[in-house]
Amino acid sequence: MLGGAGILLGVAAAPAQAAEVSYKTECIPPSISGLPPVEGTTKVEVTAPAEAKVGDEVTITWKFVQAASKNPDVLDLDKDTVKPTGTLKAAGAQTADIAMEGPRSNPAIPKNSDMKLSDMTGKLKLTAAGDVTLTPDAYNINVSKPLSTDTKCTPKETVKPAATIKVTGSGGDTGGTTGGLPTVTPTLPTGLPTLPTGSATPSPSASESDGNDTGGSTTGGDGGGQSDFTGKEVSVPYACKTPIGDKNATSPVQINAKKDGGSFDLTVQFKKSVMDSPADIPADSVKPSMEVVLGGSDKGTVHVEGPTNAEAIKSGDPIEIPDLTGTYKPGASGSSTLSPGVLTVKALGTTTTCTPTKSEVSLTLDTTEQASGASGGGSAASGSGGTASGGGLAETGSDSHGALKALGLVAGTVVLLGGAVFTFLPGRRAGG
């Protein structure tokens with residue numbers, strides 16, 4: 001029994017080794033931040049058994065002696081919001097990519113202080129006798145708040161092995177294995193949020209307005225026969241203010257109406273925009289609305305709005321703005337026009353406003369004045385779309401329809417995150 005215990009103790013007490021290696025690193029901030037790649041120096045200490053046998057599964061630890069970053073004077077990072085993942089290369093007698101992962105465990109990181117990253121661990125099952133070297137490779141840093149963003153860091157020079165395991169014995173399993181925790185390979189966003197394809201069927205004649213068109217057909221608006229009115233899809237140019245400067249955006253918009261007594265139920269749809277979310281967006285955090293501008297016989301605006309996003313939206317997935325709905329109660333009799341007006345998006349305590357730079361009529365309705373109707377009401381806008389009220393939203397559109405390219409909340413927040421997490425010291429910005 002004592003002999004057996006001695007054998008077990010001998011295995012448990014196998015010597016461990018810890019060795020440090022440093023290497024030049026390039027990190028790519030989230031693309032939405034607008035920041036260029038930056039370079040710094042990463043120092044890593046790798047701990048692994050000095051000796052082991054074929055068939056053993058060993059645990060390896062990656063400790064950041066120095067992360068290639070410093071939190072600049074932009075944003076404080078909260079406690080337990082930073083999570084590192086990476087890859088450790090095994091070579092020599094056995095080749096494998098070892099997935100390394102650390103917990104989301106960090107102290108609060110004030111502005112203008114060193115980044116603090118948790119230790120990462122991974123496992124490797126040994127399959128061949130001989131020397132197995134362990135070399136740090138690429139790693140990723142994820143910041144979870146206020147939005148989830150990833151930055152991928154890769155070596156910019158040949159990295160020396162940080163540790164070597166002497167593997168003895170023969171037989172056992174064949175072939176390499178990564179083992180251990182799952183590899184996390186983040187994908188940086190290539191675009192910005194997708195504005196939706198609406199649910200209503202557009203008019204077959206929908207096309208961009210030349211500015212003189214009166215919008216969709218409204219024959220029978222007050223005649224009692226027709227009840228559904230399909231507006232014309234118009235391309236609306238917006239001027240928006242963002243935390244990273246003024247931006248222009250163009251989005252196709254369509255206004256439809258359904259007669260309800262003397263009033264009309266309106267539905268505003270954003271169409272044909274094709275973009276992806278630049279970051280993870282929590283559920284119930286995006287609330288869009290618009291002021292539809294009245295013209296012709298009537299004046300004022302009609303408020304329409306949509307529900308918040310029901311589900312969280314992952315980075316890289318389309319983000320849809322739902323149909324915006326509201327009720328138009330005419331304030332004048334005659335022929336009244338409806339045009340897309342000021343667009344507002346509220347998200348996570350941030351309000352962003354975009355103002356059309358050109359008025360485009362999407363729908364014309366034959367109306368009969370209703371008591372307390374829109375004409376002469378207290379609306380701030382009258383035929384022009386109103387005035388932007390700061391905040392910050394949207395980037396420029398695509399080359400075709402130039403679809404609305406950002407929620408200001410996302411752009412502004414991720415810019416701050418990008419700047420906070422990846423200003424690298426020592427070193428220089430990549431490419432000078």
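User: Which residues does Ile60 touch, not counting residues up to four places away in sequence?

Analyst: This is a predicted model, and the contacts are computed from it. Contact requires heavy atoms within 4.5 Å. With residues up to four places away in sequence not counted, Ile60 touches Val46, Thr47, Ala48, Leu88, Ile98, Met100, Met120, Thr121, Gly122, Leu124 and Leu134.

User: Which residues touch the most other members of the largest nonpolar core, and which strand supplies the largest share of this core?

Analyst: The largest nonpolar core has 38 residues, and Ile60, Trp62, Leu124 and Leu134 touch the most other members. At least two residues of this core come from each of strand S1 (16-28), strand S2 (38-49), S4, S6, S7, S9, S10 and S12. The largest share, 5 residues, is supplied by S10.

User: How many residues does the second, separate core have?

Analyst: Among the members of this second core are Phe229, Val234, Ala257 and Val292. The core is separate, and its size is 26 residues.

User: Is the pair of Trp62 and Tyr139 stacked or edge-to-face?

Analyst: A search of the whole structure gives 5 aromatic pairs. For Trp62 and Tyr139, the ring centres are 6.1 Å apart and the planes stand at 75 degrees. An angle over 60 degrees counts as edge-to-face, so the pair of Trp62 and Tyr139 is edge-to-face.

User: How many residues apart in sequence are the parts that Trp62 and Tyr139 tie together, and which residues do ring pairs link into a cluster?

Analyst: Trp62 belongs to strand S4 (residues 57-66) and Tyr139 to strand S10 (residues 130-143), so the pair ties together parts that are 77 residues apart in sequence. Both Trp62 and Tyr139 are buried. The cluster linked by ring pairs consists of Trp62, Phe64 and Tyr139.

User: Is the pair of Phe264 and Tyr328 stacked or edge-to-face?

Analyst: The ring centres of Phe264 and Tyr328 are 6.1 Å apart, with the planes at 25 degrees. Planes under 30 degrees apart count as stacked, so the pair of Phe264 and Tyr328 is stacked.

User: Which residues form the uncovered face of strand S19, and which of its residues is the bridge partner of Asp265?

Analyst: In strand S19 (residues 324-328), the covered face is made up of Leu324, Gly326 and Tyr328, and the uncovered face of Thr325 and Thr327. The bridge partner of Asp265 in S19 is Thr327.

User: What is the separation of the closest N and O atoms in the salt bridge between Glu101 and Lys83?

Analyst: The whole structure contains 8 salt bridges, and one of them joins Glu101 to Lys83. Glu101 is in strand S7 (residues 96-101) and Lys83 in strand S6 (residues 82-92), so the pair ties together parts 18 residues apart in sequence. Glu101 counts as buried at 19% relative accessibility, and Lys83 is buried with a relative accessible area of 19%. The closest N and O atoms of Glu101 and Lys83 are 2.7 Å apart.

User: Does Asp228 count as buried or partly exposed, and how does Lys258 count?

Analyst: The side chains of Asp228 and Lys258 meet in a salt bridge at 3.2 Å, N to O. This pair links distant parts of the chain, with Asp228 in strand S13 (residues 228-229) and Lys258 in strand S15 (residues 245-260), 30 residues apart. The relative accessibility is 43% for Asp228 and 42% for Lys258. Asp228 therefore counts as partly exposed, and Lys258 likewise counts as partly exposed.

User: Which residue does the side chain of Ser118 reach through a backbone oxygen?

Analyst: Ser118 lies in the loop between strand S8 (113-114) and strand S9 (120-125). At 8% relative accessibility, Ser118 counts as buried. Leaving aside neighbours within four places in sequence, its contacts are Phe64, Pro84, Gly102, Pro103 and Ser105. At 2.7 Å, the Ser118 side chain reaches the backbone oxygen of Pro103.

Note on methods
Residues are numbered from 1 along each chain as its sequence is written. This is a predicted model: local features need pLDDT of at least 70, side-chain atom pairs count only at pLDDT 80 or more; totals for chains, interfaces and linings use all residues. Side-chain values use heavy atoms; hydrogens and water are left out. Helices (H or I, at least four residues) and strands (E, at least two) are DSSP runs, numbered from the N terminus. Buried means under 20% relative accessible area, exposed over 50%, partly exposed in between (1.4 Å probe, protein chains only). A polar contact is a pair of N or O atoms within 3.5 Å; within protein, one must be able to donate a hydrogen and the other to accept it, and residues adjacent in sequence count only if both atoms are side-chain atoms. A salt bridge is a side-chain nitrogen of Lys or Arg within 4 Å of a carboxyl oxygen of Asp or Glu. Two strands pair if DSSP finds at least two bridges between them. Rings of Phe, Tyr and Trp (its six-membered ring) pair if their centres lie within 6.5 Å; planes under 30 degrees apart count as stacked, over 60 as edge-to-face and the rest as tilted. A nonpolar core is a set of buried Ala, Val, Leu, Ile, Met, Phe, Trp, Tyr and Cys residues joined through side-chain atoms within 4.5 Å.
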